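I opened this model to look at its nonpolar residues and its strand pairing. My notes follow in the order I looked things up.

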Amino acid sequence: MPYVDQRHTLAWTTVRRERLLPDHTYGEVNARAGQHVNLREIVARGSVPARYVFLEAARQLRLSKPEDLNDLLLVEAGDRVQAGQALAGKNPERGRRVLSPVEGVIVYTGEGRIIVQATPERVEVEAGLVGQVVEVRPERGVMIEAFGALIQGVWGNNRRMIGPLRLEPEEDGLEGIFDDLIDRQYSGAVVVTRRSLKATGLMMIENQGIGGVIAPSMDAGLYEQAINHPAAIILTQGFGDLRMSTQVLNILEGLVGRQTTLDAFLPDRWDTRRPEVFINLPAKAGERPPEPRTAQMLREGMTVRITRAPHMGSVGQIMDLPKTPQLLDNGLRTLCAQVSLATGETPLVPLANLEVFGR
């Protein structure tokens, strides 16, 4: 039997998640194996290596000879400078000048150039989960094990946010959220919307200080606006005008008010991570929920989701799994599954266009 992609939608499971300093960044780990950590606990600290910024100062000042820069320098090697500070020019306040693009230290002046070493950026890594440290990666971070609900999405805008889970106003959706609504209960919250995200919704999210949004879909034309948005955004279904699956909505509605970790990871073909929502849930003594199954074979009766048009986002059950490649309308022959949809349709869908809900 064949295997296909999975996106886990689980009301009760065990997860293990890495919390590491960024690539090429090293520091100190502030947690030990076996330690219990909270959502906001700092588990690692480090510094991003300082970069060097090369400024072609003589060219910017339109000097005929590189050595002419020496008479126009306003700083010297070893000086600390601020972003936007004048480094060279006849007048530090006006006219043609060379400005520092970063905060840092002047490390070299000569040959018509100025080199600035940027101030190292300090980085702190939060646990983002309530759980137990099961592994320590020296100088990089930790692996944390936690129990709770897990919902993996299709797309995220590369933000991470922690806040209480809220449902959008039932009648007007995100557009119905105003400053005086129930003591600003949506400020800093993770809000679930049943509707496809619109431009007005993105504007309302920012205006009301909403920390994150879980939406079923969004018009592809809003991609740039969403990727640069200050709030964390996850799409559970994809781009277009798609409805949130009943399975996902039922889990989220039952967990309103709980602290939620929204990891809106931007999908990368070289990375196996997925954008996801995780909500910690308490476990009884000695109780341990099962871990997600990562290799499920397709079988008749299994619930699947279609990931490509013309039935993109639809959920149905497998009726049949033909053993031989099937001829499609586009002339290709490929392995397929016949899927029964709620609309009564039973399309033949390529296996490459299916994913299963993880268990």
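**Entry 1: around Leu252**

I started with Leu252 and left aside its neighbours within four places in sequence. Leu252 is then in contact with Ile151, Leu165, Val192, Ile214, Met244 and Ile279. I note that this is a predicted model.

Next I asked which residues have the most contacts inside the largest nonpolar core. They are Leu165, Ile214 and Leu252, in a core of 20 residues.

**Entry 2: strand E18**

I looked at E18 by itself. Seven of its eight residues are buried, so I log E18 as mostly covered. Which way do E17 and E18 run, parallel or antiparallel? They run parallel, and six bridges join strand E17 (residues 212–218) to E18. Ile214 has Ile234 as its bridge partner in E18. Strand E14 (residues 155–156) also pairs with E18, in the antiparallel sense, over two bridges. There, Trp155 stands opposite Leu235 in E18.

**Entry 3: the four-stranded sheet**

I traced an open sheet of four strands in the order E5-E10-E9-E6. Its pairing is antiparallel. The edge strands are E5 and E6 (80–81), and each pairs on one side only. E9 and strand E10 (residues 113–118) run antiparallel and are joined by six bridges. Tyr108 has Ile115 as its bridge partner in E10.

**Entry 4: a surface patch**

I then turned to the surface. Tyr52, Phe54, Val107 and Tyr108 form a nonpolar patch there. Together they have about 390 Å² of accessible area. Strands E5 (52–55) and E9 (104–110) each supply at least two residues of the nonpolar patch.

I checked one member, Val107, which lies in E9. Why does Val107 count as partly exposed? Its relative accessible area is 35%, and partly exposed means between the 20% limit for buried and the 50% limit for exposed.

Technical notes
Residues are numbered from 1 along each chain as its sequence is written. This is a predicted model: local features need pLDDT of at least 70, side-chain atom pairs count only at pLDDT 80 or more; totals for chains, interfaces and linings use all residues. Side-chain values use heavy atoms; hydrogens and water are left out. A nonpolar core is a set of buried Ala, Val, Leu, Ile, Met, Phe, Trp, Tyr and Cys residues joined through side-chain atoms within 4.5 Å. Buried means under 20% relative accessible area, exposed over 50%, partly exposed in between (1.4 Å probe, protein chains only). Contact means heavy atoms within 4.5 Å. Patches are made of residues with over 30% relative accessible area and no salt bridge: like charges are joined within 9 Å, nonpolar side chains (Val, Leu, Ile, Met, Phe, Trp, Tyr) within 5 Å. Accessible areas come from the Shrake-Rupley method with a 1.4 Å probe; for residues, only the protein chains shown count as cover. A salt bridge is a side-chain nitrogen of Lys or Arg within 4 Å of a carboxyl oxygen of Asp or Glu. Two strands pair if DSSP finds at least two bridges between them.
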